[in-house]
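Please keep the sequence and the three-dimensional view at hand while reading.

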Amino acid sequence: MLDTVHPDPPARLRLRDLDPERRYRVTPVLLGTLPSGLIAPAWWGEASDAAAHAAQEYWDHAPRVDVTFPGAVFRGQVLHTVGVASPRVHPDQVVLYRVDALD
């Protein structure tokens with residue numbers, strides 16, 4: 001295969017219906033294993049087990065339930081209009097996000 005139909009970089013995730021003036025912590029939630037092909041965007045922060053994350057092979061499906069990312073804080077207006085960078089993962093993988101209001 002020489003090309004892919006998936007955009008590069010992946011599309012931005014925009015969150016709607018948030019208070020534009022409030023701050024929100026957005027945290028990736030990984031269930032089960034690390035998604036295969038995972039290339040985390042910078043805003044996710046440092047992995048809790050950076051060595052396990054770095055050792056993951058591109059096609060690795062080994063359970064790594066202990067790896068978490070702290071996420072980042074954004075204003076609601078930014079999340080609505082600009083959004084956040086999406087991770088690169090294989091097409092059959094998923095990442096959920098938890099969004100908590102801080103103020």
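Which residues make a nonpolar surface patch of about 320 Å²? In this predicted model, the patch is made by Leu-31, Val-94 and Leu-96.

Leu-96 belongs to strand β3, which covers residues 96–101. With a relative accessibility of 42%, Leu-96 is classed as partly exposed, because values between 20% and 50% fall into that class.

## The sheet

Strand β3 is part of an open sheet of three strands, arranged in the order β2-β1-β3 with antiparallel pairing. β2 and β3 take the edge positions; each has a single partner strand, so one side of each has no neighbour in the sheet. On average, and with direction ignored, neighbouring strands of this sheet are turned by 35° against each other. In general, the strands of a sheet pair through backbone hydrogen bonds, and the pairing may be parallel or antiparallel.

The antiparallel strands β1 and β2 are joined by four bridges. Tyr-24 has Phe-74 in β2 as its bridge partner.

## Aromatic pairs

How many aromatic pairs does a search of the whole structure find? The search finds five. One of them is formed by Trp-43 and Phe-74, an edge-to-face pair with 5.7 Å from centre to centre and 75° between the planes. This pair links distant parts of the chain, 31 residues apart: Trp-43 lies in the loop between β1 (23–29) and α1 (50–55), while Phe-74 lies in strand β2 (residues 72–75). Trp-43 counts as buried because its relative accessibility is 12%, under the limit of 20%. Phe-74 likewise counts as buried, at 18%.

Another pair brings together Trp-44 and Tyr-97. Their ring centres are 6.4 Å apart and their planes stand at 75°, so this pair is edge-to-face. Here, too, distant parts of the chain are linked: Trp-44 is in the loop between β1 and α1, and Tyr-97 is in strand β3, 53 residues apart. Are Trp-44 and Tyr-97 buried or partly exposed? Trp-44 is buried, with a relative accessibility of 0%, whereas Tyr-97 is partly exposed, with a relative accessible area of 24%.

Ring pairs join Trp-43, Trp-44, Phe-69, Phe-74 and Tyr-97 into a cluster.

## Salt bridges

The structure holds two salt bridges. In one of them, Asp-103 is joined to Arg-23, and the closest N and O atoms are 3.0 Å apart. The two residues come from distant parts of the chain, 80 residues apart: Asp-103 is in the segment after β3, and Arg-23 is in strand β1. Both are classed as partly exposed, Asp-103 at 41% relative accessibility and Arg-23 at 33%.

Which residue forms a salt bridge with Asp-100? The partner is Arg-98, with 2.8 Å between the closest N and O atoms. Asp-100 counts as partly exposed because its relative accessibility is 28%.

Definitions and conventions: Residues numbered from 1 in each chain as written. Predicted model: local features only at pLDDT ≥ 70, side-chain atom pairs only at ≥ 80, totals over all residues. Heavy atoms only, no water. Patch = residues over 30% accessible without salt bridge, like charges linked within 9 Å, V, L, I, M, F, W, Y side chains within 5 Å. Areas by Shrake-Rupley, 256 points an atom, 1.4 Å probe, with all protein chains shown as cover. Salt bridge = Lys/Arg side-chain N within 4 Å of Asp/Glu carboxyl O. Buried < 20%, exposed > 50% of the residue type's maximum accessible area, 1.4 Å probe, protein only. Phe/Tyr/Trp six-rings, centres within 6.5 Å; stacked < 30°, edge-to-face > 60°. Pairing = 2+ DSSP bridges. Axes fitted to C-alpha atoms, helices over the stretch in contact; angles between N-to-C directions.
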